[in-house]
Every structure is written in structure tokens, then in C-alpha cells.
Amino acid sequence: MTELFAYTDGACSGNPGPGGWGVLLIARKGDKVVKERELKGGAADTTNNRMELQAAIAALEALERPSKLTVVTDSAYVKGGVTEWMYGWKKNGWKTSTKKPVKNEDLWKQLDQAKARHKITWEWVKGHAGHPENERADALARAGMKPFKS
């Protein structure tokens, strides 16, 4: 059986500042990689958290049909938001437990919609710790930022 993985990362030069996001999609059969796809993009004036969210959204929106996959991120913000906090935010009208507006609400809503058609396991890995696929996603994010850096 083929397993699908999406390794996502965001980067920002300054926070806010020019930023980029990167995605490495990998289909594996056992230990063998059967297909890879790289995605990247960026924005001129953004934050690291927005780029982390954009990477996850891009990964899910790139899939042509509903899929079962594992999304691997080095962002505790993305993993915590999607697996722990989002349900409460939605229930509270996109407000935090302290009744403040959720930061990056537009992207959280987009991620909520993008994830709806998939069966997703979310995993966190420590960033910049030598994880090969996370390092590749980071390189893609940095490459996505380049057109916006002066």
C-alpha cells in the first residue's frame, strides 16, 4: 500500500518581513519512494506563522483527490492549532479562550476547508535537527522567499 507524506515548512526574514513556504510531497511503498513533488512560494510582507500555515494549506490543496496522509511539520503552532485549538476557536466564533480574535484567522479557515476532504495524521518534528525531509522543506521555503528578499 502506498503511503503519502507532506513535509511542510515556513521561513521568514524578519518577523514580519519577506517569507517563504515549502512542501515536499512523498509517496512511499514500504521504504521505497515512488513519487516526489516539491512546492514553494512566498510573500513580500508576512510572518513565519503565516508561512507555516500556507505550507500546510498548499500541501493539502495540491492533492487532486481525497487522500489519507501524514503531514509532518516543525511548527508547534500549526500542529497545536489544527489538532487542539481549532475546534474551540470555531465553536467560539473564531475567538480564543480569552475572547480575542484568532490570529491568522483567514489562513486557519482556509486550512480547515483544505483538510476537510482528507484523512490526516499530524506529526511534529524538531526543526533544524537533521531530519532529511524537513531540511528539504526548509530549503524550499527559503527558496520561496528569495524573490521577495532585497
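Helices (H or I, at least four residues) and strands (E, at least two) are DSSP runs, numbered from the N terminus. The model is predicted: local features need pLDDT of at least 70, side-chain atom pairs count only at pLDDT 80 or more, and totals for chains, interfaces and linings use all residues. Residues are numbered from 1 along each chain as its sequence is written, and side-chain values use heavy atoms, without hydrogens and water.

**View 1. A cis peptide bond between Asn15 and Pro16.** Omega is about 20° at this bond. Pro16 sits in the loop between β1 and β2. Most peptide bonds are trans.

**View 2. The largest nonpolar core, with 32 residues.** A nonpolar core is a set of buried Ala, Val, Leu, Ile, Met, Phe, Trp, Tyr and Cys residues joined through side-chain atoms within 4.5 Å. Buried means under 20% relative accessible area, exposed over 50%, and partly exposed in between (1.4 Å probe, protein chains only). Among the residues with the most contacts inside this core are Val23, Leu69 and Trp108. Elements giving two or more residues to it include β2 (17-29), α1 (48-61) and α3 (105-115). The largest share, eight residues, comes from α1.

**View 3. Leu111 and its neighbours.** Leu111 touches Leu53, Ala56, Ile57, Leu60, Val82 and Trp122, leaving aside residues up to four places away in sequence. Contact means heavy atoms within 4.5 Å. A second, separate core has seven residues, including Phe5 and Val125.

**View 4. The crossing of α2 and α3.** Their axes come within 11 Å and cross at roughly 95°. Axes are lines fitted to C-alpha atoms, for helices over the stretch in contact, with angles from 0 to 180 degrees between N-to-C directions. α2 is therefore roughly perpendicular to α3 (65 to 115 degrees). Tyr77, Val82 and Trp89 are among the contact residues of α2, and Asp112 and Lys115 among those of α3.

**View 5. Strand β4 and its partners β1 and β5.** Five of the six residues of β4 are buried, so this strand is largely enclosed by the rest of the structure. Two strands pair if DSSP finds at least two bridges between them. β1 and β4 run parallel, joined by five bridges. Thr8 has Thr73 of β4 as its bridge partner. Six bridges join β4 to β5, also parallel. Thr70 is the bridge partner of Thr121 in β5.

**View 6. Positive phi at Lys99 and Asn104.** Phi is about 70° at Lys99 and about 65° at Asn104. Lys99 is exposed, at 59% relative accessible area. Asn104 is buried, at 16%.

Definitions and conventions:
Angles under 35 degrees count as roughly parallel, over 145 as roughly antiparallel, 65 to 115 as roughly perpendicular and the rest as oblique.
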